[in-house]
Amino acid sequence: MASELSYEVIVVGGGPAGLAAAMTCAREGLSVIVLERGRFSGAKNLFGGVVYTESVLSVVPDLFSEKRLPFERPVTEEGWWILSEDGVVRLTHTSRAHWEKPPRAFTAFRARFDPWLAEKAREAGVLVVPKVRVRDLLREGGRIAGVVTDRPADWGSERPAVVRAPVTILAEGVNRLLTVKAGLFPRDFQPEEVALSVKEVIQLPKGALEARFGLSEGEGLAVEVLGEATLGLPGSGFLYTNTTSISLGVGLFLSDFAEKGIKPYELLEHLKRHPALAPLLEGGETLEYGAHLIPEWGLEGLPQLCGDGVLAVGDAAGLVNPLFREGTNLALYSGIMAGRAAVAAHQKGDFSRKGLSLYEEAFRQSYIYRDLKYFRKLKKFLRENRSLFDTYPGLLNQALHLYLTAQGRAKEEVFLEIFTLVRRRRGISGLLRDFTRTFRFFKGW
């Protein structure tokens, strides 16, 4: 790198949020540089999950003119698997809409999706520079005026190279160190504000994926796995089908891993050994193993989205809705909103917080903000209602087992046994209390 570079917009982080912001700016004629610390965009991300079509079309409108899409399988079946110690209740949904063109969602690997998106950014005129870590922010006259990198300014020099720009967009991910340095939030995250998810990509024998999951070519499954998957603690597992492999993982609040002394890899192995999962994985080969943090600080931990010369997008801002499996799509949308604000600031020549406030205004008018506000008490609700994870999955499995194996018995006795089971495991008053709490939560009371 040269000792000092100047651009109209700097984007720190080459993930979906950063690339969406960069493309939005570049398409309006601004000079944009993206600084990505990985070897390539997506190299540092272990995501293997669902990408929603509408959000990708918002940045790449000609997506379906591509000869090869950057996805694994279209999602045609989705829902929940609820595990007890030795059973599973499968609640999945599919409909005609799932086979419509274009599909509503796809499974994807970020190590494949992000480089494709970075290439689209380059085509839009963005300079994407990998293997560069931003060490600090430049400040001039009380505002952010650029970044300090880990590259030397000159050959053999200890002085770091700097990049200047009137607008810096922080898309650094969940480890929001620069977001804190920029003064957008007063502290780093706490263990109870993030989930740690551990995942394996497991290659299955040829033809096994379709046979075991009841899929045809061009069909895909995406399910959340509840109950015994997390040892009855608030959290969930997940299983997504790829082209010839599956992504299987499980996540808990980081604080629960620490307090319970649970090792992440042990939790994943526990899930893999479950009687409902083990036959599906038989003969599989682990291709990838890793873990990553997911921001779940919600509205309470939401930073200021913009300051003087700076904006925060995607995971750095905590824009994730775990209940609806939304993360990548929110990153893309936030990047677009921030990019538009940067363009407007250049048009007005005002790079103050007020000049960039179009981003916050657009965000507060979006469904993203409405959802974060609606689910602002989600963490509290989950922690105060652990029976949803440790009692009800087993209760549901046992009750259905009794109901579905009632042949040869008087049904009155079967129903009485189910009633007794419910009363013993949770009690009628507990059942009513849990129903009331859940109803009030989703009602927003």
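The structure is a predicted model, in which local features need pLDDT of at least 70 and side-chain atom pairs count only at pLDDT 80 or more, whereas totals for chains, interfaces and linings use all residues. Residues are numbered from 1 along each chain as its sequence is written, and side-chain values use heavy atoms, with hydrogens and water left out.

The secondary structure comprises 16 helices and 19 strands, assigned as DSSP runs (H or I of at least four residues for helices, E of at least two for strands) and numbered from the N terminus. The radius of gyration is 24 Å, close to the 22 Å that the globule rule gives for 445 residues, so the protein is as compact as a globular protein of that length; the radius is taken over C-alpha atoms, and the rule is 2.2 Å times the number of residues to the power 0.38. Along the principal axes, the C-alpha atoms fill a box of roughly 80 × 50 × 40 Å.

Of the 445 residues, 54% are buried, that is, under 20% relative accessible area with a 1.4 Å probe, protein chains only. Among contacts (heavy atoms within 4.5 Å) between residues at least 6 apart in sequence, 70% join residues at least 24 apart.

In helix 11 (residues 367-374), the residues Ile368, Tyr369 and Leu372 are buried. Viewed down the helix axis, the buried residues fall within an arc of 95°, so they line one face of helix 11; the arc is that of the directions from the axis to the C-beta atoms. These buried residues pack against helix 9 (328-348) and helix 10 (358-364).

Notes:
Buried < 20%, exposed > 50% of the residue type's maximum accessible area, 1.4 Å probe, protein only.
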